[in-house]
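Student: Could you walk me through this structure before I set anything up with it?

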Amino acid sequence: MTQPKDLYSDYLRLDRILDAQTPWSGPAGKAAHDEMLFIIFHQTYELWFRQTLFELDDIQQRFSSSVVDDRDMHPILARLDRIAAIWRLLVRQLDVLETMAPQDFLDFREALRSASGFQSWQFRLIEARLGLRRSDRIPVFHGEFDAGLAADRRRQIGSAESHPSLYDQIDGWLSRTPFVDRGDYKFWESYRAAVDRVLDAKAAAAQHDLGAEALASELAAIDRGRRKFHLIFDEAEHAKGVAEGLWRMSWRGLQAALLITLYRQEPILQMPARLLSVIMDVDELLALWRYRHALMVQRMMGTAIGTGGSAGYGYLMATLEKHRIFGDLYGLATYLIPSHALPPLPERLRSEMGYRYHAENGP
Ligand code: HEM
């Protein structure tokens, strides 16, 4: 059978892709050489956004069941690793766009009229699907960040916002972790006692080693430490923290995330610990992208307002902090104690957390 010619182009629909770069500066007056780079740049980004959403579809579908099958953990991690690799590339890729001088950008900026990456609905979908809530956004355009988008795109974003985000799904999955409260083992009580021991030992050492002035300041610091731990150990305090926006994660989810982080070497917790770590990679890479993009914007246009109508650089820098999604996972590090002070898990629980398979003649 004869193969049709140019299968490669057909498969990749190259005729459509390579016919999709139409600079606006020429028709507006004078063709600007660098506009081609600008267009191709945004298009490649949108393709990687598409891939990110495609991976998220699969991850979220696997997380949507009320009991996540352990076998799903491997593909979930593989997809998240891929998203992280894509975003690492998207950060580095900005080097290429920065070969454009601010003056060269200015030569076609007017022709863009109000077009801006601010209107990237795929970027908004990624944010919403990961868990950025409308109420947490910086209120540009009176909070209607999607006002400039077509109605069906707005609907799509609204739908993503009204369904459980990856954040919600991970919180739910953490809350169902069985090992937090297992028979007579109560992780929270055991951990709380260990924290008290660490702080008591610190206070005793200070009494022994320090003079009056240094002692007073050390005891005050230890007291602040106790109050800090109280914010998570006490359910009502935690609820208050959630109401005040200090925490987002549920109390039970928080306990599980700490247990996983502290006892991550136990075989059954290794995959969950990897999951938390790669989620932080993704969150950090998004923040890195925001930072690099903001620096590039400052380099290209100083503090001028954006074509999308925001405050430009100032707005973008503010999103860096305000639009972080998985901040709670970073907050956990505040509540860790050294490994040597960690209470050992009861033997029965440890064995439940181990691999079940033992070779017949093995050790
Ligand atoms: C010369 C290059 C660029 C300049 C000067 C620039 C400028 C800006 C400015 C000023 C904003 C704030 C919104 C506004 O008022 O317009 C913005 C937002 C944005 N830009 Fe760019 N941009 C550039 C390249 C890119 C590229 C290559 C992408 C990739 C898709 C991109 C994606 C975005 C996104 C997603 C936002 C929304 C960020 C948010 O709201 O958190 N930009 N850009």
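Predicted model: local features only at pLDDT ≥ 70, side-chain atom pairs only at ≥ 80, totals over all residues.

Student: Ligand first, then: which residues come nearest?

Tutor: There are 29 residues around the ligand, and those that come nearest are Ser 116, His 293, Gly 308, Ser 310 and Tyr 315.

Student: What lies 2.7 Å from an oxygen atom of the ligand?

Tutor: A polar atom in the side chain of Ser 116 lies 2.7 Å from a ligand oxygen, and an N or O atom in the side chain of Ser 310 is likewise 2.7 Å from an oxygen atom of the ligand. For Arg 290, a polar side-chain atom is found 2.9 Å from an oxygen atom of the ligand.

Student: And which elements give two or more residues to the shell?

Tutor: Those elements are α4 (35-63), α7 (121-130), α14 (267-301) and α15 (313-322), and it is α14 that supplies the largest share, seven residues.

Student: Switching to salt bridges, how many are there?

Tutor: Counting a side-chain nitrogen of Lys or Arg within 4 Å of a carboxyl oxygen of Asp or Glu, the total comes to 26 salt bridges. One of them joins the side chains of Glu 127 and Arg 137, at 2.7 Å from N to O.

Student: Where is phi positive in a residue other than glycine?

Tutor: Asp 6 has a positive phi near 60°, and Arg 13 takes a positive phi of about 50°. As background, most residues other than glycine have a negative phi. Asp 6 sits in the segment before α1 (7-12), whereas Arg 13 is in the loop between α1 and α2 (14-17).

Student: What patch does Asp 6 belong to?

Tutor: Asp 6 gathers with Asp 10, Asp 15 and Asp 19 in a surface patch of negative charge.

Student: Last one: what happens at the start of α12, and just after it?

Tutor: At the start of helix α12 (residues 235-243), a side-chain oxygen of Asp 234 reaches to within 3.1 Å of the backbone nitrogen of Ala 236, and just after α12 Gly 245 has a positive phi of about 85°.

Notes
Residues numbered from 1 in each chain as written. Heavy atoms only, no water. Patch = residues over 30% accessible without salt bridge, like charges linked within 9 Å, V, L, I, M, F, W, Y side chains within 5 Å. Areas by Shrake-Rupley, 256 points an atom, 1.4 Å probe, with all protein chains shown as cover. Lys, Arg positive; Asp, Glu negative; His and termini not counted. Charge placed at Lys NZ, Arg CZ, Asp CG, Glu CD. Helix = DSSP H or I, 4+ residues; strand = E, 2+ residues; numbered from the N terminus. Near = heavy atom within 4 Å. Polar contact = N/O pair within 3.5 Å; in protein donor to acceptor, adjacent residues only side chain to side chain.
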